[in-house]
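Subject: Structure for your review

Dear colleague,

Please find below the structure that I am handing over to you.

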Amino acid sequence: MAPTHVLRCCQRGLAWIPVIFIALVVCWSYYAYVVELCIITIPSTGEKIVYLVLFHLSFIMFVWSYWKTIFTRPANPSKEFCLPKVEKEQYEKEERPENQQEILKRVASSLPLYTRTGAGAIRYCDRCQVIKPDRCHHCSACDMCVLKMDHHCPWVNNCVGFSNYKYFILFLAYSLLYCLFIAATVLQYFIKFWTLCRRKSAENCPQNELPDTHAKFHVLFLFFVAAMFCISILSLFSYHLWLVGKNRSTIEAFRAPVFRNGPDKNGFSLGFTKNIAQVFGDQKKYWLLPVFTSQGDGLTFPTRLVNVDPEQPAAIQHPDSSKSVEDDSVPQSPVSDSQNRLLGSDQHISDEILSIDPLKSDGTEVITVYMESES
(Lines give C-alpha, C1' and ligand atoms only; values in the text may rest on other atoms or scores of the structure.)
Protein backbone atom coordinates (compact mmCIF):
# COMPACT_ATOMS: atom_id res chain seq x y z
CA MET A 1 0.00 0.00 0.00
CA ALA A 2 2.80 2.40 0.93
CA PRO A 3 4.77 2.07 -2.34
CA THR A 4 1.55 2.62 -4.33
CA HIS A 5 0.75 5.74 -2.32
CA VAL A 6 4.28 7.08 -2.81
CA LEU A 7 4.11 6.36 -6.55
CA ARG A 8 0.79 8.17 -6.77
CA CYS A 9 2.23 11.22 -5.00
CA CYS A 10 5.21 11.25 -7.37
CA GLN A 11 2.90 11.09 -10.37
CA ARG A 12 0.88 14.02 -9.06
CA GLY A 13 4.05 16.02 -8.50
CA LEU A 14 5.44 15.28 -11.95
CA ALA A 15 2.11 16.26 -13.50
CA TRP A 16 2.80 19.88 -12.53
CA ILE A 17 5.98 20.07 -14.63
CA PRO A 18 4.21 21.26 -17.84
CA VAL A 19 2.33 23.91 -15.86
CA ILE A 20 5.55 25.11 -14.21
CA PHE A 21 7.22 25.24 -17.62
CA ILE A 22 4.43 27.41 -19.04
CA ALA A 23 4.54 29.65 -15.95
CA LEU A 24 8.31 30.16 -16.36
CA VAL A 25 7.95 30.97 -20.06
CA VAL A 26 5.19 33.50 -19.29
CA CYS A 27 7.24 35.14 -16.54
CA TRP A 28 10.26 35.43 -18.84
CA SER A 29 8.11 36.81 -21.68
CA TYR A 30 6.77 39.47 -19.29
CA TYR A 31 10.31 40.52 -18.31
CA ALA A 32 11.59 40.43 -21.89
CA TYR A 33 8.72 42.50 -23.26
CA VAL A 34 8.30 45.05 -20.46
CA VAL A 35 11.93 45.58 -19.44
CA GLU A 36 14.13 44.59 -22.36
CA LEU A 37 11.88 45.80 -25.17
CA CYS A 38 9.70 48.62 -23.86
CA ILE A 39 11.99 50.17 -21.26
CA ILE A 40 15.44 49.56 -22.77
CA THR A 41 14.96 49.21 -26.53
CA ILE A 42 12.01 51.38 -27.64
CA PRO A 43 13.08 55.05 -27.78
CA SER A 44 9.63 56.65 -28.19
CA THR A 45 7.75 57.36 -24.95
CA GLY A 46 4.33 57.33 -26.62
CA GLU A 47 5.01 53.98 -28.25
CA LYS A 48 6.12 52.59 -24.90
CA ILE A 49 2.89 53.64 -23.17
CA VAL A 50 0.62 52.24 -25.89
CA TYR A 51 2.50 48.93 -26.00
CA LEU A 52 2.54 48.57 -22.21
CA VAL A 53 -1.20 49.27 -21.81
CA LEU A 54 -2.26 46.82 -24.52
CA PHE A 55 0.25 44.22 -23.36
CA HIS A 56 -0.99 44.26 -19.78
CA LEU A 57 -4.63 43.96 -20.88
CA SER A 58 -3.90 40.82 -22.88
CA PHE A 59 -1.59 39.52 -20.16
CA ILE A 60 -4.21 39.88 -17.40
CA MET A 61 -6.95 38.16 -19.40
CA PHE A 62 -4.56 35.37 -20.40
CA VAL A 63 -3.38 34.69 -16.85
CA TRP A 64 -6.92 34.97 -15.46
CA SER A 65 -8.39 32.40 -17.85
CA TYR A 66 -5.37 30.10 -17.44
CA TRP A 67 -5.72 30.23 -13.66
CA LYS A 68 -9.44 29.40 -13.82
CA THR A 69 -8.79 26.49 -16.17
CA ILE A 70 -6.18 25.00 -13.86
CA PHE A 71 -7.85 25.42 -10.48
CA THR A 72 -11.52 24.83 -11.33
CA ARG A 73 -12.38 21.38 -10.03
CA PRO A 74 -14.03 19.07 -12.58
CA ALA A 75 -17.74 18.50 -11.95
CA ASN A 76 -18.71 14.98 -10.86
CA PRO A 77 -22.00 13.03 -11.03
CA SER A 78 -24.43 13.76 -8.20
CA LYS A 79 -25.54 11.22 -5.60
CA GLU A 80 -28.72 10.39 -7.50
CA PHE A 81 -26.56 8.53 -10.04
CA CYS A 82 -25.10 6.28 -7.34
CA LEU A 83 -26.66 2.89 -6.81
CA PRO A 84 -28.84 2.62 -3.70
CA LYS A 85 -27.48 0.39 -0.97
CA VAL A 86 -29.73 -2.58 -1.72
CA GLU A 87 -29.14 -2.49 -5.49
CA LYS A 88 -25.43 -1.97 -4.95
CA GLU A 89 -25.20 -5.12 -2.84
CA GLN A 90 -27.15 -7.06 -5.43
CA TYR A 91 -24.96 -5.74 -8.22
CA GLU A 92 -21.76 -6.76 -6.41
CA LYS A 93 -23.10 -10.26 -5.66
CA GLU A 94 -24.22 -10.90 -9.23
CA GLU A 95 -21.66 -12.56 -11.46
CA ARG A 96 -23.61 -12.62 -14.71
CA PRO A 97 -23.45 -9.38 -16.74
CA GLU A 98 -27.06 -9.86 -17.85
CA ASN A 99 -28.34 -9.76 -14.28
CA GLN A 100 -26.14 -6.78 -13.48
CA GLN A 101 -27.61 -4.91 -16.43
CA GLU A 102 -31.14 -5.63 -15.21
CA ILE A 103 -30.26 -4.04 -11.87
CA LEU A 104 -28.80 -1.02 -13.63
CA LYS A 105 -31.84 -0.67 -15.87
CA ARG A 106 -34.17 -0.59 -12.85
CA VAL A 107 -32.15 2.18 -11.23
CA ALA A 108 -31.67 4.08 -14.52
CA SER A 109 -35.38 4.06 -15.29
CA SER A 110 -35.84 7.07 -13.01
CA LEU A 111 -32.80 8.95 -14.36
CA PRO A 112 -32.62 11.26 -17.41
CA LEU A 113 -30.36 9.02 -19.50
CA TYR A 114 -30.39 8.88 -23.29
CA THR A 115 -26.98 7.46 -24.19
CA ARG A 116 -25.83 3.86 -23.93
CA THR A 117 -22.68 1.85 -24.51
CA GLY A 118 -21.84 0.55 -27.96
CA ALA A 119 -23.65 -2.68 -27.07
CA GLY A 120 -26.74 -0.80 -25.87
CA ALA A 121 -26.07 -1.31 -22.15
CA ILE A 122 -26.32 1.19 -19.30
CA ARG A 123 -23.08 3.13 -18.90
CA TYR A 124 -21.71 2.28 -15.44
CA CYS A 125 -18.33 3.12 -13.91
CA ASP A 126 -17.06 0.28 -11.72
CA ARG A 127 -14.23 2.49 -10.47
CA CYS A 128 -16.45 5.32 -9.18
CA GLN A 129 -19.49 3.04 -8.74
CA VAL A 130 -21.90 5.46 -10.41
CA ILE A 131 -24.18 5.33 -13.42
CA LYS A 132 -22.60 7.70 -15.92
CA PRO A 133 -24.77 10.66 -16.95
CA ASP A 134 -24.88 11.57 -20.61
CA ARG A 135 -21.51 12.83 -21.92
CA CYS A 136 -19.80 11.81 -18.67
CA HIS A 137 -16.56 9.78 -18.83
CA HIS A 138 -14.00 8.45 -16.39
CA CYS A 139 -10.60 10.17 -16.43
CA SER A 140 -7.79 7.78 -15.49
CA ALA A 141 -5.40 10.68 -14.78
CA CYS A 142 -7.78 12.40 -12.34
CA ASP A 143 -9.25 9.06 -11.21
CA MET A 144 -12.82 10.35 -11.29
CA CYS A 145 -15.86 10.58 -13.54
CA VAL A 146 -16.06 14.04 -15.15
CA LEU A 147 -19.28 15.61 -16.43
CA LYS A 148 -19.18 16.39 -20.16
CA MET A 149 -15.54 15.42 -20.26
CA ASP A 150 -13.63 16.79 -23.23
CA HIS A 151 -10.08 15.65 -22.51
CA HIS A 152 -7.37 15.69 -19.88
CA CYS A 153 -4.92 18.49 -20.65
CA PRO A 154 -1.37 18.10 -19.26
CA TRP A 155 -0.66 21.82 -19.86
CA VAL A 156 -3.25 22.74 -17.22
CA ASN A 157 -2.90 19.51 -15.19
CA ASN A 158 -6.66 19.23 -15.08
CA CYS A 159 -9.59 17.63 -16.81
CA VAL A 160 -11.38 19.91 -19.26
CA GLY A 161 -15.10 19.35 -18.90
CA PHE A 162 -18.41 20.97 -18.10
CA SER A 163 -17.14 23.12 -15.22
CA ASN A 164 -14.14 24.69 -17.01
CA TYR A 165 -14.63 24.22 -20.77
CA LYS A 166 -15.48 27.90 -21.26
CA TYR A 167 -12.35 28.86 -19.32
CA PHE A 168 -10.30 26.55 -21.53
CA ILE A 169 -11.67 28.14 -24.72
CA LEU A 170 -10.92 31.62 -23.37
CA PHE A 171 -7.47 30.48 -22.29
CA LEU A 172 -6.73 29.41 -25.87
CA ALA A 173 -8.19 32.65 -27.23
CA TYR A 174 -6.26 34.98 -24.92
CA SER A 175 -3.03 33.00 -25.19
CA LEU A 176 -3.31 33.28 -28.98
CA LEU A 177 -4.01 37.02 -28.67
CA TYR A 178 -1.07 37.37 -26.27
CA CYS A 179 1.34 35.66 -28.66
CA LEU A 180 0.01 37.53 -31.70
CA PHE A 181 0.39 40.88 -29.98
CA ILE A 182 3.97 40.12 -28.90
CA ALA A 183 4.96 38.84 -32.34
CA ALA A 184 3.39 41.80 -34.15
CA THR A 185 4.93 44.49 -31.94
CA VAL A 186 8.34 42.85 -31.67
CA LEU A 187 8.64 42.17 -35.41
CA GLN A 188 10.13 45.55 -36.41
CA TYR A 189 12.75 45.40 -33.65
CA PHE A 190 13.42 41.77 -34.48
CA ILE A 191 14.25 42.79 -38.06
CA LYS A 192 16.43 45.67 -36.88
CA PHE A 193 18.39 43.48 -34.47
CA TRP A 194 18.65 40.70 -37.01
CA THR A 195 20.10 43.02 -39.64
CA LEU A 196 22.17 45.01 -37.15
CA CYS A 197 25.38 46.19 -38.74
CA ARG A 198 28.47 45.06 -36.87
CA ARG A 199 30.86 47.21 -38.81
CA LYS A 200 32.60 50.00 -36.92
CA SER A 201 32.61 52.46 -39.82
CA ALA A 202 29.71 54.88 -39.43
CA GLU A 203 29.12 55.36 -43.12
CA ASN A 204 28.24 51.69 -43.61
CA CYS A 205 25.82 51.48 -40.66
CA PRO A 206 22.10 52.29 -40.95
CA GLN A 207 20.87 55.51 -39.43
CA ASN A 208 18.28 53.78 -37.21
CA GLU A 209 20.73 51.32 -35.72
CA LEU A 210 19.78 50.05 -32.26
CA PRO A 211 22.30 49.66 -29.47
CA ASP A 212 24.05 46.30 -29.55
CA THR A 213 23.20 45.24 -25.98
CA HIS A 214 22.01 42.08 -24.25
CA ALA A 215 18.41 43.18 -24.98
CA LYS A 216 18.96 41.98 -28.53
CA PHE A 217 18.98 38.33 -27.48
CA HIS A 218 15.77 38.72 -25.47
CA VAL A 219 13.97 40.41 -28.36
CA LEU A 220 15.14 37.85 -30.92
CA PHE A 221 14.21 34.89 -28.76
CA LEU A 222 10.91 36.52 -27.74
CA PHE A 223 9.78 36.71 -31.36
CA PHE A 224 10.69 33.09 -32.07
CA VAL A 225 8.88 31.81 -28.96
CA ALA A 226 5.77 33.93 -29.62
CA ALA A 227 5.59 32.81 -33.25
CA MET A 228 6.07 29.15 -32.33
CA PHE A 229 3.34 29.16 -29.68
CA CYS A 230 1.06 31.18 -31.94
CA ILE A 231 1.16 28.53 -34.68
CA SER A 232 0.52 25.63 -32.29
CA ILE A 233 -2.27 27.39 -30.37
CA LEU A 234 -4.01 28.55 -33.56
CA SER A 235 -4.65 24.99 -34.75
CA LEU A 236 -5.91 23.86 -31.35
CA PHE A 237 -8.12 26.93 -30.91
CA SER A 238 -9.63 26.51 -34.39
CA TYR A 239 -10.42 22.86 -33.68
CA HIS A 240 -12.20 23.63 -30.41
CA LEU A 241 -14.18 26.44 -31.99
CA TRP A 242 -15.39 23.89 -34.53
CA LEU A 243 -16.34 21.54 -31.68
CA VAL A 244 -18.29 24.30 -29.92
CA GLY A 245 -20.19 25.07 -33.11
CA LYS A 246 -21.11 21.38 -33.43
CA ASN A 247 -21.79 20.94 -29.69
CA ARG A 248 -19.37 18.03 -29.45
CA SER A 249 -16.58 17.16 -27.10
CA THR A 250 -13.23 15.83 -28.25
CA ILE A 251 -14.29 12.34 -27.16
CA GLU A 252 -17.55 12.60 -29.10
CA ALA A 253 -15.69 13.81 -32.19
CA PHE A 254 -13.71 10.56 -32.26
CA ARG A 255 -16.50 8.29 -30.98
CA ALA A 256 -20.11 9.30 -31.63
CA PRO A 257 -22.47 8.99 -28.64
CA VAL A 258 -24.79 6.00 -28.83
CA PHE A 259 -28.52 6.60 -28.35
CA ARG A 260 -31.39 4.11 -28.33
CA ASN A 261 -31.58 4.33 -32.11
CA GLY A 262 -27.82 3.95 -32.56
CA PRO A 263 -24.75 6.21 -32.83
CA ASP A 264 -25.42 9.83 -33.74
CA LYS A 265 -22.61 12.37 -33.87
CA ASN A 266 -25.13 15.23 -34.07
CA GLY A 267 -27.35 13.96 -31.27
CA PHE A 268 -26.60 16.94 -29.01
CA SER A 269 -26.43 19.57 -31.76
CA LEU A 270 -29.14 22.24 -31.47
CA GLY A 271 -28.01 24.57 -34.24
CA PHE A 272 -25.00 26.89 -34.27
CA THR A 273 -26.49 29.67 -32.10
CA LYS A 274 -27.84 27.28 -29.47
CA ASN A 275 -24.59 25.33 -29.43
CA ILE A 276 -22.63 28.50 -28.69
CA ALA A 277 -25.06 29.35 -25.89
CA GLN A 278 -24.55 25.91 -24.33
CA VAL A 279 -20.92 26.81 -23.56
CA PHE A 280 -20.94 30.62 -23.23
CA GLY A 281 -24.48 31.22 -21.94
CA ASP A 282 -27.28 33.56 -22.97
CA GLN A 283 -25.75 36.86 -21.83
CA LYS A 284 -23.19 37.96 -24.41
CA LYS A 285 -21.67 40.58 -22.10
CA TYR A 286 -20.05 37.73 -20.10
CA TRP A 287 -18.78 35.72 -23.05
CA LEU A 288 -15.26 37.19 -22.99
CA LEU A 289 -14.88 37.00 -19.21
CA PRO A 290 -13.64 33.80 -17.48
CA VAL A 291 -16.72 33.52 -15.27
CA PHE A 292 -19.05 30.53 -15.35
CA THR A 293 -22.05 31.15 -17.61
CA SER A 294 -22.56 27.75 -19.28
CA GLN A 295 -26.13 26.47 -19.50
CA GLY A 296 -27.43 23.46 -17.63
CA ASP A 297 -26.12 21.43 -14.73
CA GLY A 298 -23.82 19.04 -16.62
CA LEU A 299 -26.04 16.07 -15.76
CA THR A 300 -28.71 16.41 -18.46
CA PHE A 301 -28.51 17.85 -21.95
CA PRO A 302 -31.20 18.58 -24.54
CA THR A 303 -30.99 16.05 -27.35
CA ARG A 304 -32.05 16.15 -30.94
CA LEU A 305 -32.41 12.79 -32.61
CA VAL A 306 -32.13 12.60 -36.36
CA ASN A 307 -33.51 9.10 -36.72
CA VAL A 308 -36.72 8.25 -34.86
CA ASP A 309 -36.87 4.88 -33.14
CA PRO A 310 -39.95 3.23 -34.70
CA GLU A 311 -40.52 1.11 -31.61
CA GLN A 312 -40.96 4.17 -29.39
CA PRO A 313 -44.44 5.74 -29.02
CA ALA A 314 -44.60 9.26 -30.43
CA ALA A 315 -46.88 12.22 -30.00
CA ILE A 316 -47.31 14.50 -33.01
CA GLN A 317 -48.14 18.08 -32.18
CA HIS A 318 -49.04 20.63 -34.85
CA PRO A 319 -48.56 24.37 -34.33
CA ASP A 320 -52.27 25.07 -34.86
CA SER A 321 -53.41 22.50 -32.34
CA SER A 322 -53.36 22.94 -28.59
CA LYS A 323 -53.58 19.18 -27.97
CA SER A 324 -51.36 16.40 -29.19
CA VAL A 325 -52.34 13.00 -30.47
CA GLU A 326 -50.37 10.47 -28.47
CA ASP A 327 -50.35 6.88 -27.39
CA ASP A 328 -52.87 6.40 -24.58
CA SER A 329 -50.72 3.76 -22.96
CA VAL A 330 -47.85 6.17 -22.27
CA PRO A 331 -48.34 9.25 -20.10
CA GLN A 332 -46.96 12.56 -21.34
CA SER A 333 -44.51 14.45 -19.16
CA PRO A 334 -43.39 18.04 -19.70
CA VAL A 335 -40.11 18.83 -21.39
CA SER A 336 -37.31 19.84 -19.04
CA ASP A 337 -36.50 23.51 -18.46
CA SER A 338 -33.19 23.26 -20.29
CA GLN A 339 -34.93 21.76 -23.31
CA ASN A 340 -37.59 24.47 -23.29
CA ARG A 341 -34.94 27.16 -23.17
CA LEU A 342 -32.79 25.70 -25.93
CA LEU A 343 -35.53 24.30 -28.15
CA GLY A 344 -37.79 27.33 -27.81
CA SER A 345 -39.90 29.11 -30.34
CA ASP A 346 -36.95 31.05 -31.73
CA GLN A 347 -35.42 27.97 -33.30
CA HIS A 348 -36.41 27.61 -36.96
CA ILE A 349 -35.94 24.19 -38.44
CA SER A 350 -37.45 23.18 -41.75
CA ASP A 351 -37.91 19.47 -41.10
CA GLU A 352 -38.53 18.38 -37.51
CA ILE A 353 -37.29 18.89 -33.97
CA LEU A 354 -37.34 16.00 -31.58
CA SER A 355 -37.57 16.41 -27.84
CA ILE A 356 -37.25 13.36 -25.61
CA ASP A 357 -38.61 13.08 -22.11
CA PRO A 358 -36.63 11.21 -19.44
CA LEU A 359 -37.12 7.49 -19.09
CA LYS A 360 -40.30 6.42 -17.33
CA SER A 361 -40.48 3.79 -14.64
CA ASP A 362 -41.35 1.13 -17.21
CA GLY A 363 -38.29 1.92 -19.33
CA THR A 364 -40.17 3.80 -22.06
CA GLU A 365 -39.81 7.39 -23.14
CA VAL A 366 -42.02 9.90 -24.91
CA ILE A 367 -40.80 11.45 -28.14
CA THR A 368 -42.58 14.60 -29.20
CA VAL A 369 -42.28 15.56 -32.84
CA TYR A 370 -42.93 19.15 -33.85
CA MET A 371 -43.76 19.48 -37.53
CA GLU A 372 -44.19 22.62 -39.59
CA SER A 373 -47.70 23.00 -40.93
CA GLU A 374 -48.02 22.98 -44.68
CA SER A 375 -49.28 26.15 -46.28
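A crossing of two helices is called left-handed if the near helix is turned anticlockwise from the far one by less than a right angle. The crossing of α2 and α6 is of this left-handed kind. Please note that the model is a predicted one.

The two helices of that crossing

Helix α2 covers residues 17–41 and helix α6 covers residues 165–194; their axes come within 12 Å and cross at roughly 45°. On the side of α2, the contact is formed by Val26, Ser29, Tyr30, Tyr33, Leu37 and Thr41. On the side of α6, Tyr178, Phe181, Ile182, Thr185, Val186, Tyr189 and Phe193 take part. Sorted by class, the contact of α2 with α6 comprises 10 nonpolar and three polar residues, with no charged residues.

Helix α4 (residues 85–93) and helix α5 (residues 97–108) have axes that come within 9 Å and cross at roughly 160°. That angle makes α4 roughly antiparallel to α5. The crossing of α4 and α5 is left-handed. From α4, the residues Glu87, Gln90 and Tyr91 meet Gln100, Ile103, Leu104, Arg106 and Val107 of α5. Four nonpolar, two polar and two charged residues make up the contact of α4 with α5.

The protein as a whole

The secondary structure amounts to 10 helices and 11 strands. Of the 375 residues in the protein, 47% are buried.

Aromatic residues

How many aromatic pairs does the structure hold? There are 26 aromatic pairs. One of them is formed by Trp16 and Phe71, which are stacked, with 6.1 Å from centre to centre and 25° between the planes. This pair links distant parts of the chain, as Trp16 sits in the loop between α1 (2–14) and α2, while Phe71 belongs to helix α3 (residues 45–71), 55 residues apart. Trp16 is partly exposed, with a relative accessible area of 32%. Phe71 is likewise partly exposed, at 47%.

Phe71 also pairs with Trp67: the ring centres are 4.4 Å apart and the planes stand at 45°, so this pair is tilted. Both Trp67 and Phe71 lie in helix α3, four residues apart, which is about one turn of the helix. Trp67 counts as exposed, because its relative accessibility is 54% and the class begins over 50%.

One aromatic cluster is formed by Tyr30, Tyr33, Tyr51, Phe55, Phe59, Phe62, Tyr66, Phe168, Phe171, Tyr178 and Phe181. Tyr30 and Tyr33 of α2, and Tyr178 and Phe181 of α6, are also named in the helix contact described above.

Asn157 is placed in the loop between β5 (151–153) and β6 (158–160). Asn157 is buried, with a relative accessible area of 18%. Neighbours within four places in sequence aside, Asn157 is in contact with Ala15, Trp16, Val19 and His152. The C-alpha atoms of Asn157 and Thr69 are separated by 9.2 Å, although these residues stand 88 residues apart along the chain.

His137 belongs to strand β3 (residues 137–139). His137 counts as buried, at 15% relative accessibility. Which residues does His137 touch, not counting residues up to four places away in sequence? They are Arg123, Met144, Cys145, Val146, Met149, Ile251 and Arg255.

Positive phi values

Asp143 has a phi near 55°, a positive value in a residue other than glycine. Asp143 is found in the loop between β3 and β4 (144–146) and is partly exposed, with a relative accessible area of 31%. Asn247 is not a glycine either, and its phi is positive at about 55°. Asn247 lies in the loop between α7 (215–246) and α8 (250–254). Is Asn247 buried or exposed? Asn247 is buried, with a relative accessible area of 4%.

Yours sincerely

Key: Residues numbered from 1 in each chain as written. Predicted model: local features only at pLDDT ≥ 70, side-chain atom pairs only at ≥ 80, totals over all residues. Heavy atoms only, no water. Axes fitted to C-alpha atoms, helices over the stretch in contact; angles between N-to-C directions. Parallel < 35°, antiparallel > 145°, perpendicular 65-115°, else oblique. Contact = heavy atoms within 4.5 Å. Nonpolar A, V, L, I, M, F, W, Y, C, P; charged D, E, K, R; others polar. Phe/Tyr/Trp six-rings, centres within 6.5 Å; stacked < 30°, edge-to-face > 60°. Buried < 20%, exposed > 50% of the residue type's maximum accessible area, 1.4 Å probe, protein only.
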